[in-house]
Amino acid sequence: MTRFPRSHPRYRSLVIRARLADALRTGLVVPEGLIAHGRAEAFDYLLGERTSASASKAIQAAARWLVVARFPVISVNGNVAALAGPEIAELVRALPTLSVEVNLFHRTPGRAARVAARLRAAGVSQVLGLHPTVRVPGLPSDRGLVDRRGIARADVVLVPLEDGDRTQALRRIGKRVIAIDLNPLSRTSVAADIPVVDELGRALGRLAREVRAERRRPQRRSYPAFDGAAARADALATINRRLATALDRRGSRAAPAPPRTRPARRRR
Ligand code: ATP
């Protein structure tokens, strides 16, 4: 992989892009995955490339739901495996009841095996979804196939970087859905019970820490309520504010400079 100086102002973005480009060459990621990443980068740019207070709250709620769940599952596609294998392994260490299942829009047995291999190399010992036998109703194509030991029996499904049809279909069969998606307008963010509007790696790292903290607290039995629409509105308000500030700055730069007043010369 190309090396970049850490001092580069866009170091993290360059590293992530290079990681995805490598993953494309090895067949882990498909070209369409790069386009999805580009859209996410644009939203991250607009959101200020950091976890907002509102996204932190969503992550806290997600941690609570995952700890309450009996059969929580994280659904993993090519981009997620390429970008966040170690973070997923860390999340499983924090929550051993969490199952990890491969789910691919562009599925071939070879690609599913590559995603599983990447996850195992990162430290995930059990990977489901290699031979899915159950179908989620209303989802044609291989996307609808799920593992009977995983998503088929899950009560809570964590779907990072998902598409709207699948999120809606999971909701229709009664799953509680937590999404990680930088686009607050996507159908996934709209359909999810808890939309975490944040970048994948940042969100998963924080989620593992929150899960550990939650497990140290007295255990709850029910799912605390979460207002997903308010979370999405917060993200849109952040974008709005940042754009307004940028426009203001531009406005003040474009405005004619105020006339310079010279101090009047003293007459002698
Ligand atoms: P929808 O159907 O939900 O409206 P879509 O079909 O356009 O969305 P996809 O092309 O499936 O969405 O892309 C998945 C989503 O994942 C996009 O909304 C994108 O913003 C988001 N995404 C991609 N990469 C990341 C990332 N690294 N972190 C967070 N979100 C990401």
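Me: Which element gives the most to the lining of the largest pocket?
Reply: In this predicted model, helix H2 is the element that gives the most to that lining, contributing ten residues.

Me: Which other elements supply at least two residues there?
Reply: Besides H2, at least two lining residues each come from helix H1 (11-25), strand S1 (72-76), helix H4 (78-94), helix H6 (164-172), helix H7 and helix H8 (200-216).

Me: And how many residues line the largest pocket, and which lie nearest its centre?
Reply: The lining is made of 47 residues, and those lying nearest the centre of the pocket are Gly33, Ala36, His37, Asn79 and Leu161. By class, the lining divides into 17 nonpolar, 13 polar and 17 charged residues, around a pocket whose volume is about 1100 Å³.

Me: OK, where does the ligand sit?
Reply: The ligand sits in the largest pocket, and the elements that give two or more residues to the shell around the ligand are helix H2 (31-47) and helix H7 (187-191). Of the elements, H2 gives the most to this shell, with three residues.

Me: How many residues surround the ligand, and which are the closest?
Reply: The ligand is surrounded by 16 residues, the closest being Arg39, Gly164, Asp181, Arg187 and Thr188. Sorted by class, the shell holds five nonpolar, four polar and seven charged residues.

Me: What is the distance from a ligand oxygen atom to the side chain of Arg39?
Reply: For Arg39, an N or O atom of the side chain is 2.4 Å from an oxygen atom of the ligand.

Me: How much of the ligand's accessible area does the protein cover?
Reply: On its own the ligand has 630 Å² of accessible area, and the protein covers 85% of that.

Me: Switching topic: what lines the second largest pocket?
Reply: The lining of the second largest pocket consists of Leu47, Arg50, Ser52, Ala53, Ser54, Asp234, Thr238, Arg241 and Arg242. Helix H3 (53-68) and helix H9 (228-254) are the elements that give two or more residues to this lining, and H9 has the largest share, with four residues.

Me: How much space lies in that second largest pocket, and what is its lining like by class?
Reply: About 180 Å³ of space lies in the second largest pocket, and its lining has two nonpolar, three polar and four charged residues.

Me: How many cavities of 30 Å³ or more are there?
Reply: The count comes to two cavities of 30 Å³ or more. The largest cavity has a volume of about 40 Å³, while the second largest cavity has a volume of about 30 Å³.

Me: Which residues line the largest cavity?
Reply: Ser52, Ser54, Ala55, Ala58, Pro195, Val197, Ala231, Asp234 and Ala235 line the largest cavity, with H3 and H9 being the elements that give two or more residues to the lining. By class, six of these lining residues are nonpolar, two polar and one charged.

Me: And which line the second largest cavity?
Reply: There the lining is formed by Asp44, Leu47, Arg50, Thr51, Ser52, Leu182, Val197, Asp198 and Arg202, which divide into three nonpolar, two polar and four charged residues.

How values were computed: Residues are numbered from 1 along each chain as its sequence is written. This is a predicted model: local features need pLDDT of at least 70, side-chain atom pairs count only at pLDDT 80 or more; totals for chains, interfaces and linings use all residues. Side-chain values use heavy atoms; hydrogens and water are left out. A residue is near a molecule or strand if one of its heavy atoms lies within 4 Å of it. A polar contact is a pair of N or O atoms within 3.5 Å; within protein, one must be able to donate a hydrogen and the other to accept it, and residues adjacent in sequence count only if both atoms are side-chain atoms. Accessible areas come from the Shrake-Rupley method with a 1.4 Å probe; for residues, only the protein chains shown count as cover. On a 1 Å grid over the protein atoms alone, a cavity is a set of points where a 1.4 Å probe fits but cannot get out, and a pocket is an open set with protein on both sides within 12 Å along at least five of seven lines; lining residues have an atom within 4 Å of a point. A molecule sits in a cavity or pocket if more than half of its atoms lie within 2 Å of its grid points. Ala, Val, Leu, Ile, Met, Phe, Trp, Tyr, Cys and Pro count as nonpolar, Asp, Glu, Lys and Arg as charged, and the others, Gly among them, as polar. Grid points are joined across faces, edges and corners, and a volume is the space filled by probe spheres set on the points.
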